[in-house]
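The following note sets out numbered points on the structure shown below. Please read each point with the model open.

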Amino acid sequence: EPDVTAVNMDEIVEGVHRLEEAIASAPYHYDSHVALVNCLRSSFLLENYEEKLRSARERMSRTFPLTAQLWLEWIDDEMGLRADYSYIRSLYERAVADYLSARVWLNYCKL
């Protein structure tokens, strides 16, 4: 009987690879960036998951303004990973400069 975890990880790795190729060939395809971030967010067992997720988000933020939801998910994920205060603060500063949102500002003020 196949190991379900190994099969799922193989599918995730393949999905990440496909999405990275799609972004390389069409860097301005917004949905591919969102799909990659979402795929990586759900693949915390993947080797170097944190680094890959940060890299995907950084690449997307260089190409597009991020929505309030994307910024808050990023910040929440980093807080869950126990990122240092200065990094979290820098994400909030980027978020409020990138996207006008009362929710982002409110969370920033609570920091």
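Contact here means heavy atoms within 4.5 Å. The model is a predicted one, in which local features need pLDDT of at least 70, side-chain atom pairs count only at pLDDT 80 or more, and totals for chains, interfaces and linings use all residues. Residues are numbered from 1 along each chain as its sequence is written, and side-chain values use heavy atoms, with hydrogens and water left out.

1. Overall architecture. The protein chain has 6 helices and 0 strands, and its elements run α-α-α-α-α-α from the N terminus on. Helices (H or I, at least four residues) and strands (E, at least two) are DSSP runs, numbered from the N terminus. Taken along the principal axes, the C-alpha atoms of the protein chain fill a box of roughly 50 × 30 × 20 Å.

2. Burial and contact range. Of the 111 residues of the protein chain, 36% count as buried. The classes rest on relative accessible area: buried is under 20%, exposed is over 50%, and partly exposed lies in between (1.4 Å probe, protein chains only). Among contacts between residues at least 6 apart in sequence, 47% join residues at least 24 apart.

3. Surroundings of W74. Which residues does W74 touch, not counting residues up to four places away in sequence? They are R57, E58, S61, L66, Y87, L91 and R94. W74 is located in helix α4 and counts as buried, because its relative accessibility is 0%. The C-alpha atoms of W74 and A95 are separated by 9.9 Å, with the two residues 21 apart along the chain.

4. Position of E21. This residue is found in helix α1 (residues 4-25). Its relative accessibility of 45% is why E21 counts as partly exposed. From E21 to R94 the distance is 27 Å, C-alpha to C-alpha, and the two residues are 73 apart in sequence.

5. Aromatic pair Y30 and F64. The structure holds 4 aromatic pairs. Rings of Phe, Tyr and Trp (its six-membered ring) pair if their centres lie within 6.5 Å; planes under 30 degrees apart count as stacked, over 60 as edge-to-face and the rest as tilted. The pair of Y30 and F64 is edge-to-face because the ring planes stand at 90 degrees, with the centres 5.2 Å apart. This pair links distant parts of the chain, 34 residues apart: Y30 lies in helix α2 (residues 30-41), and F64 lies in the loop between α3 (49-63) and α4 (68-80). F64 is buried, with a relative accessible area of 15%, whereas Y30 is partly exposed at 28%.

6. Aromatic residues of α6. W105 and Y108 form a tilted pair, 6.0 Å centre to centre, with 40 degrees between the planes. The two residues are separated by about one helical turn, because they are 3 residues apart in helix α6 (residues 102-110). W105 counts as partly exposed at 39% relative accessibility, while Y108 is buried, with a relative accessible area of 16%. Y92, W105 and Y108 form one aromatic cluster.

7. Packing of α4 against α6. Two packed helices are described by the angle between their axes and the distance between the axes. For α4 and α6, the axes come within 9 Å and cross at roughly 25 degrees. Axes are lines fitted to C-alpha atoms, for helices over the stretch in contact, and angles run from 0 to 180 degrees between N-to-C directions. The helices α4 and α6 are therefore roughly parallel to each other; angles under 35 degrees count as roughly parallel, over 145 as roughly antiparallel, 65 to 115 as roughly perpendicular and the rest as oblique. The crossing of α4 and α6 is left-handed, that is, the near helix is turned anticlockwise from the far one by less than a right angle (clockwise would be right-handed). A68, Q69 and L72 of α4 make the contact with R103, V104 and N107 of α6. By class, this contact has 3 nonpolar, 2 polar and 1 charged residues. Ala, Val, Leu, Ile, Met, Phe, Trp, Tyr, Cys and Pro count as nonpolar, Asp, Glu, Lys and Arg as charged, and the others, Gly among them, as polar.

8. Packing of α5 against α6. The axes of helix α5 (residues 85-98) and α6 come within 10 Å and cross at roughly 155 degrees, so α5 is roughly antiparallel to α6. Their crossing is left-handed. On α5 the contact is made by R89, Y92, E93, A95 and V96, and on α6 by V104, W105, N107 and Y108. By class, the contact of α5 with α6 has 6 nonpolar, 1 polar and 2 charged residues.
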